[in-house]
Amino acid sequence: MSTVSWIDFITLRAKDSTQGAILYDVRLPRVLLAIAAGFGLAASGTTWQALLRNPLADPYLIGVSAGGALGAGVAIIFGAHLPFGANAVPLFAFVGSLAAVGLVYALAGQGAASIERVLLVGVAMGAFLTACLSMLTFWHADSISTLYFWMLGGFSGRGWEELTQMLPYLVAGLALIALQLRHLNVMQLGPDRARSLGVDVVRCQRLLLAGASLTTAAVVSASGMIGFVGLVVPHLARLLVGPDLRRALPVACLMGAILLVCSDLVARTAWAPTEVPVGVLTAMLGAPFFLYLIVKERRA
């Protein structure tokens, strides 16, 4: 079949055949959403690790994903009473992620000496916010299936609507990170060194925090809590191309997209007709890798 025929099949005949409808309405948006989620989580994880100068940093581990999921859960349950319509879920996810970031930094303190505290406080914050989401699920049993999806993460039942709702937030977050990429590269040397090289550290940190939170919130609002992608992928990207973020960040985004597309394929087919949440698979991959990093850091 020629290229023109394939395009015609996907776009023009999608509504005229069962196979075309499945491809266009189910498979295609799901693959594109997995690609977008991989881009967002990898970019956010790379940003957090560079900001904190620690390979153990991850939006899932430091509570950003949990804050976004809790915000999305509030929007789902009380959406009928909110004036934002379809944008309530991604908007509340962003607010939840940003609030989680603010609380983590406020409790951990400031300065280079607080890097370890940021990670510890983030883990505790993530556990607390996840518990809040679990309690919300318990109180609203009528929404348990929907909220359960946000806790496990995945792309089942996701379509064009979720993809189009999350894309503006994702693009905005990636743009903020890309615009500060050169400064973020310098900040890996430490805030004092960055200031001596002319970087406005406070402004840069705020923009990068907003960008990383926005990308995480966009992904969480569409696919729930998919953990450890932002931990594993940036680390592998640095092993492949080095610490220069001008190379490491694009490679990490590409690897994140490939990882989530492959994970979604395994989730749909390995235990068919049962579908395993993608977040479960990434946790099974990421948790041992996280333990490996801890042991490596201890021996170093």
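Which side chain does Glu275 meet in a salt bridge? In this predicted model, the partner is Arg30, with N and O 2.3 Å apart. Glu275 sits in the loop between helix 12 and helix 13 (278–299), while Arg30 belongs to helix 2 (residues 18–52), so the bridge ties together parts that lie 245 residues apart in sequence.

The structure holds 7 salt bridges. Asp244 takes part in two of the pairings described here, one with Arg246, where the closest N and O atoms are 2.8 Å apart, and another with Arg247, where the corresponding gap is 3.8 Å. Asp244 itself is buried, with a relative accessible area of 15%. Arg246, on the other hand, is exposed at 59%, and Arg247 is partly exposed at 46%. Elsewhere, salt bridges with shared partners link Arg30, Asp264, Arg268 and Glu275 into one network.Arg247 also turns up in a helix packing, that of helix 11 (residues 229–241) against helix 12 (residues 245–269). The axes of these helices come within 8 Å and cross at roughly 130 degrees, and helix 11 and helix 12 are therefore oblique to each other. Their crossing is right-handed. On the helix 11 side, the contact is made by Val229, Val233, Pro234, Leu236, Ala237, Arg238, Leu240 and Val241. Helix 12 brings in Arg247, Ala248, Val251, Ala252, Met255, Gly256, Leu259 and Leu260. Sorted by class, this contact has 13 nonpolar, 1 polar and 2 charged residues.

Two of these contact residues, Pro234 and Ala252, are also touched by Thr46. Thr46 lies in helix 2 and, at 3% relative accessibility, counts as buried. Leaving aside residues up to four places away in sequence, Thr46 touches Gly230, Pro234, Leu245, Leu249 and Ala252.

Helix 2 has another packing partner in helix 7 (160–179). The axes of helix 2 and helix 7 are 10 Å apart, at an angle of about 25 degrees. An angle under 35 degrees counts as roughly parallel, so that is how helix 2 and helix 7 are described. This crossing is left-handed. Helix 2 contributes Tyr24, Asp25, Leu28, Pro29, Leu32, Leu33, Ala36, Phe39, Gly40, Ala43 and Thr47 to the contact, and helix 7 contributes Trp160, Leu163, Met166, Leu170, Leu174 and Ile177. By class, the residues of this contact divide into 14 nonpolar, 2 polar and 1 charged.

The C-alpha atoms of Gly159 and Pro29 are separated by 5.2 Å, although the two residues are 130 residues apart along the chain. Gly159 lies in the loop between helix 6 (144–152) and helix 7. With 11% relative accessibility, Gly159 counts as buried.

Key
Residues are numbered from 1 along each chain as its sequence is written. This is a predicted model: local features need pLDDT of at least 70, side-chain atom pairs count only at pLDDT 80 or more; totals for chains, interfaces and linings use all residues. Side-chain values use heavy atoms; hydrogens and water are left out. Axes are lines fitted to C-alpha atoms, for helices over the stretch in contact, and angles run from 0 to 180 degrees between N-to-C directions. Helices (H or I, at least four residues) and strands (E, at least two) are DSSP runs, numbered from the N terminus. Angles under 35 degrees count as roughly parallel, over 145 as roughly antiparallel, 65 to 115 as roughly perpendicular and the rest as oblique. A crossing is left-handed if the near helix is turned anticlockwise from the far one by less than a right angle, and right-handed if clockwise. Contact means heavy atoms within 4.5 Å. Ala, Val, Leu, Ile, Met, Phe, Trp, Tyr, Cys and Pro count as nonpolar, Asp, Glu, Lys and Arg as charged, and the others, Gly among them, as polar. Buried means under 20% relative accessible area, exposed over 50%, partly exposed in between (1.4 Å probe, protein chains only). A salt bridge is a side-chain nitrogen of Lys or Arg within 4 Å of a carboxyl oxygen of Asp or Glu.
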